[in-house]
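Work through these exercises with the structure in view. Try each task before you read its solution.

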Amino acid sequence: MNRSFWAVFVIMLGIASIFFIVFFQGITNTDEHNSQMLKEVTEAAMWDAVDYSHYRKTGSIKINKEKFVENFIRRFSESASLSRSYRIEFLDVNETPPKVSIRIRSDVTGNVVATIGEGIDEDANDFTTTNRIDSILETPY
């Protein structure tokens, strides 16, 4: 009888461990996906927003604010997960020298299921992950 209680305890501990691993893996993957996507989309949108006519006239690099914001939102929405809500904040966009500061917040909902007696109690926990980037456009010349 004693060994059967230990077997049940080990099985329940294993199930709880797997639950926590899956739960935190979802949050971690979301944060990693957002940070990589933020870095890639920011760089691509900055290159798309370069004002080539200004570069031909003066030789200095300048980006267009409106074009950058438009390209960033378009590129971000193409690769963002549809199951999450995002809040994009443009903290600073300088045209010359090309520098941007962006913060993205995404809301992740996780359900925690707990059994109390014979009933099942389910709580929804909301987490907000925040990713921020400060980027300067560097050129090889």
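**Exercise 1: a serine in a strand**

Serine 101 is found in strand β2 (residues 99-116). Strands here are DSSP runs of E with at least two residues, helices are runs of H or I with at least four, and both are numbered from the N terminus. The model is predicted: local features need pLDDT of at least 70, side-chain atom pairs count only at pLDDT 80 or more, and totals for chains, interfaces and linings use all residues. Residues are numbered from 1 along each chain as its sequence is written, and side-chain values use heavy atoms, with hydrogens and water left out.

Task: Is serine 101 buried or exposed?

Solution, step by step:
1. Take the cut-offs: buried is under 20% relative accessible area, exposed is over 50%, and partly exposed is in between (1.4 Å probe, protein chains only).
2. The relative accessible area of serine 101 is 3%, so this residue is buried.
3. Now list its contacts (heavy atoms within 4.5 Å). Neighbours within four places in sequence are set aside; serine 101 then touches Glu89, Phe90, Leu91, Asp92, Arg132, Ile133 and Asp134.

**Exercise 2: salt bridges around the serine**

Task: Which residue forms a salt bridge with aspartate 92?

Solution, step by step:
1. Apply the rule: a side-chain nitrogen of Lys or Arg lies within 4 Å of a carboxyl oxygen of Asp or Glu.
2. The partner is lysine 99, with the closest N and O atoms 3.0 Å apart.
3. Aspartate 92 has 27% relative accessible area, so it is partly exposed. Lysine 99, at 25%, is partly exposed.
4. Aspartate 134 and arginine 132 form a salt bridge, with 3.4 Å between the closest N and O atoms.
5. Arginine 132 is exposed because its relative accessibility is 52%. Aspartate 134 is at 49%, so it is partly exposed.
6. Shared partners also link salt bridges into one network of Arg87, Glu89 and Arg103.
7. By the rule, the count is seven salt bridges.

**Exercise 3: a pair within a helix**

Task: How many residues apart are glutamate 78 and arginine 74?

Solution, step by step:
1. Both lie in helix α3 (residues 65-79).
2. They are four residues apart, about one turn of the helix.
3. Glutamate 78 has 60% relative accessible area, so it is exposed. Arginine 74 is partly exposed because its value is 37%.
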